[in-house]
Amino acid sequence: MSNGRPDAKTERKTLTGAEIIWKSLEALDVDCVFGYPGGAILPTYDALTRSKIHHVLVRHEQGATHMADGYARASGRVGVAMATSGPGATNMVTGIATAMMDSSPIVCITGQVGSTLIGTDAFQESDITGITLPITKHNYLISRAEDIAPSIREAFQIAASDRPGPVLLDITKDAQQASCVFDWEAAAPKPHRREPVFFPDQVELEAALALINQAQRPVILAGHGIILSGAEREVRALAERAGIPVALTLLGLGSFPASHPLNLGMMGMHGEAWVNQAIQEADLLIALGMRFDDRVTGKLSTYATKAKKIHIEIDRAEINKIVHADVPLIGDLREVLERLLPGVRPLARSEWIAQVTASKHDSAVRDIQNLPDNGHLYAAHVINALWRETKGDAIVVTDVGQHQMWEAQYYHHERSRTLITSGGLGTMGFALPAAIGAKFACPESEVWVVAGDGGFQMTMAELATIVQEKLNVKIAIINNGFLGMVRQWQEFFYDGRYESTPLLSPDFAKLAEAYGIPALTVTQRAQVNPALQTSRFHAGPALIDFRVEQEDSVFPMVPAGADLAAMIRRPTPLVERASDE
Amino acid sequence: MSEGPRTHTFVVYVEDKPGVLNRVASLFRRRAYNIESLTVGHTERPGVSRMTIVSAISEGAAHRVEANIYKLVNVLSVQDVTAASTVARSLALIKVDTHEESRRRLMEIVRVFRARVVDLAPQSAIIEITGGEDKINALLEVLRPFGIIEMVRTGQVVMTRGQRTDSPEESDRPKPIRQTVVASHSV
C-alpha cells in the first residue's frame, strides 16, 4: 500500500473530523469514493467540496458497495463506499457480505447519529457495527474526531492485508463536526499483537516437496488466493516444471492462462467432466489459495479419496475446515511457492496429462458450441462470440446464475482480474454496479456486464450512474424470461414445477434508451456478432438484450452434495432434435 | 475419528475495548454452539482482559472456533487448554432454607466442603464455595434436601499448571495445526 502523498503526510493542522476523513483518504491515494449522502454524513459531504477526490453518486447504497468491490477486484486496491446512517448503512449489508465471502478489500464509511443520541432509537439510527459484525473483517464505531485518522489508516491496512476483506467505519455526526489536530504520521497503525510470522518451516516444506516429487497423478487446484497474492508466475512455474495440470475455481479463473496446455478449466458443480475426473483420479491435490467450497467438492466422503492434499493458504482457519490437509502450509502463497520451487523436480508426466486430456473429446461432442446452427439462440453462443470479439481481453463482470456459469465455461480468461463475479455469496444484482467500479479502476480497459434478466433488474437503477458519470460500460443481458438457474433446479430436482421463476421484464432496449444509452435487441444467432461489433465501436455505454433459448440448462451439473462423478450431462440428442423441426 | 462433543476450554486474551466480548461470543453464536460459561476480567497487564470460555463442542468445531477467534483484530491470543494440565475454579453462592433444627447439620456440611457461610438469617443462609465444578455440584447435591432458594455461579476460570503461561508473550507464536481433525459438514 502507498504511504500517501507528501503534502497530506507532512501537514499538521487543526481540521474538522469531516475534513480529516477526506485528508486521510487522500493520504491513502484514494481517487474515487462511491456513495450516497444523507443527514448523518452531511458534514462529511460538505467537506468534500474542499477535496480533490471524485465522488460517484450511486442510486442505491448496495450499488456503492458493489462498485467499491468491483474497483478492488479489478485493481487490487482498496475500494471505498460511503453512506449515511440507518437505511443508508443497512442497504450496504449485502455488498459487505459479498466482499467478505470473496475476500475483497473494501472500506465502508457510514455516518452515525450524534453520540448522545446513540441507543435512543433516534431518526435514522441503526446499530450498523452490530449488524455487520459477522460480515466484516473488522469494524469501528468512532465518536471522537481524534480517532478518525488512526482508524481509517488501520482500516485500510486490515482490509488489504493477509486475507483481504471489508472493514466498516461508523462515524458519529458530532465526531465529523468536532475539530482536532490532523497528524498523519501519528496516525500510523499500532500493532495489536506481536504479529506472528506464519511461515512453514523447512520440515513442512520438505514434506510438501516429497509429496510433489513422488506424485504420479498430481493436480493443482488454483484459487482466488493466487490473484490476491500475485502468485501467477510462481503457479505457472510449478505447473510447467513438474508437469502438473491445473484446475481452477470460479474465482481463480484468469490466474492461469486458459490457453495454456496444462489448463483444465473450472472444477466443481459446473466444471467439465474431465476436470472433475482428473481430481477424482489424482493421487495428489495441491490446493493453492482456495477453500474447498461445497460447489467445488460435491459429496465430501467421495471427494478425491485417492489423493493426498497439500493446502497452501494464508488463512489458518481454512486449514482442515472442509478437507483434511496432509501437509498444510500457512503463509503468503507467492512466498511459500518461491521457497518450494527450487526443490521441485522437473518432470513431464506426459502419461498422466494424456490420460487427463483423453476424456476431453466426450465433452467436446456434447458441447453446444460444436452443434450445427438450428436457428435457436443459445447463451453459450453469445458468450463465445463475446470472447472472440473482445479477443478475451475485456474485463467481464457477471451477475449470478446460468449466464455466470456459461461465462465461466465459454469466455476464456488469460489474465487475472479479467473476470469479476460474486462467487461465495452469489449476489444477484452484483454485475452492473461492480462493472462501474471496475471501469473506474481500469478506465483503459473494455468492461462488459454479463447479466441475466433477473439479476439485472435488481440493480438496474445504476444505469443512471453510468450515464451521469459518462462511463463506457457495455452491457449484455442474457434474457431467457426465467430465473434460469432456479428454473433449471426446478426442472432437474422439482419435477419441472416452475413456481415463481417465469419472469416478466421491461423492453430492456427501450429502458436503456430512456436513460440515453443506445441499445439493440438480438433474437437470432446471426445477429450476435454484428450487434457486439456495433456496441463495441460505439464510443460510450451500450446495451444488448439477447433473447436466448428459454429452457436451456448449464451442463454438466453435479447436483448439490452429490459425488463429483455423478454429473448430469447435456443430452446430445436434444439440440439435434430441435434442428429437425 | 469421532466427532462427538466434549467440553472444551479456551483461554482468550483480548484488548479491553467495547464490543470485544460480542465479537468473540458471536463466533459461537453463528455456529449455534452453546457457551456453558464465559468469564472476563482484567489481567496483570493494563488494557488486556482475559476470557475463559467453556463450550461442549466437537474437536472439529473447537479447531474452527479457535482459528476464527484468532482472526479477530482485538484478540491477542487464544488457546484451547482442554488437553493441558490446568487449575480450574469457579465460585458459587447458594442460599438455602435453614432454621434452628437444621442449622447444625448445615454447618457440618459447610465445614466438610471447606465452604463458608457468608450470610445467616433466621430462615436462610448463604453459602460461598470455591472449587472445581465437581466439588460445587457435590455440595449442591447434599444441600438440595434443605431446599435451595437461590443460586448464582460464576463461570470457570482456568490457568495452566507450572511455569508455562497462557499469556500472549508466549502463545503469540504460531502453533502447529492439529492434524487429527477430519472434515465434516455435520458439525
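This report describes selected features of a predicted model, from its domains down to single residues.

## Basis of the description

Residues are numbered from 1 along each chain as its sequence is written, while chains are lettered from A and ligands numbered from 1 in the order in which they are written. Because the model is predicted, local features need pLDDT of at least 70 and side-chain atom pairs count only at pLDDT 80 or more, whereas totals for chains, interfaces and linings use all residues.

## Domains of chain A

Chain A is divided into domain 1 (6-187), domain 2 (202-360) and domain 3 (367-562 + 569-580), with bounds that come from an automatic or database domain assignment. The C-alpha centres of domain 1 and domain 2 of chain A are 38 Å apart, and five residues of domain 1 of chain A are in contact with five residues of domain 2 of chain A (contact requires that the C-beta atoms of two residues, placed from the backbone, lie within 7 Å). On the side of domain 1 of chain A that touches domain 2 of chain A, there are one nonpolar, one polar and three charged residues; here Ala, Val, Leu, Ile, Met, Phe, Trp, Tyr, Cys and Pro count as nonpolar, Asp, Glu, Lys and Arg as charged, and the others, Gly among them, as polar.

Helix α6 of chain A covers residues 93-101, and seven of its nine residues are buried, so the helix is largely enclosed by the rest of the structure. Helices (H or I, at least four residues) and strands (E, at least two) are DSSP runs, numbered from the N terminus, and a residue is buried if 20 or more other C-beta atoms, placed from the backbone, lie within 10 Å of its own, exposed if 12 or fewer, and partly exposed in between. The buried residues of α6(A) are Thr94(A), Gly95(A), Ile96(A), Ala97(A), Thr98(A), Ala99(A) and Met100(A), and they pack against α4 (61-75), β5 (106-112) and β7 (167-172) of chain A. Just after α6(A), Ser103(A) adopts a positive phi of about 50°.

Helix α4 of chain A also contains Ala64(A), which counts as buried because it has 33 C-beta neighbours inside 10 Å. Apart from neighbours within four places in sequence, Ala64(A) contacts Phe34(A), Gly35(A), Tyr36(A), Val58(A), Ala81(A), Met82(A), Ala83(A) and Met92(A). Ala64(A) and Cys108(A), although 44 residues apart in sequence, are 9.1 Å apart in space, C-alpha to C-alpha.

The axes of helix α12 (residues 232-242) and helix α15 (residues 333-340) of chain A come within 9 Å and cross at roughly 35°; axes are lines fitted to C-alpha atoms, for helices over the stretch in contact, and angles run from 0 to 180 degrees between N-to-C directions. The crossing of α12(A) and α15(A) is left-handed, a term used if the near helix is turned anticlockwise from the far one by less than a right angle. Glu234(A), Val235(A) and Leu238(A) in α12(A) meet Arg334(A), Leu337(A) and Glu338(A) in α15(A), and by class this contact has three nonpolar, no polar and three charged residues.

Asn263(A) belongs to strand β11 (residues 263-266) of chain A and counts as buried because 21 C-beta neighbours lie inside 10 Å. Not counting residues up to four places away in sequence, Asn263(A) touches Val246(A), Phe256(A), Pro257(A) and Ala258(A).

## Chain B

The secondary structure of chain B comes to five helices and nine strands, which follow the order β-α-β-β-α-β-β-α-β-β-α-β-β-α from the N terminus on. Of the 187 residues of chain B, 29% count as buried, and among contacts between residues at least 6 apart in sequence, 75% join residues at least 24 apart.

The domain assignment gives domain 1 (6-84) and domain 2 (87-157) of chain B, whose C-alpha centres lie 29 Å apart. Their contact takes five residues from domain 1 of chain B and four residues from domain 2 of chain B. On the side of domain 1, the elements that give two or more residues are β2 (35-42) and β3 (48-57) of chain B, and the largest share, three residues, comes from β2(B).

## Helix α1 in chain B

In helix α1 (residues 20-29) of chain B, Val24(B), Leu27(B) and Phe28(B) are buried. Seen down the axis of α1(B), these buried residues fall within an arc of 105°, so they line one face of the helix; the arc is that of the directions from the helix axis to the C-beta atoms. The face turned away from the buried side of α1(B) carries the exposed residues Asn22(B) and Arg29(B), whereas the cover over the buried residues of α1(B) includes β1 (6-15), β2, β3 and α2 (59-71) of chain B.
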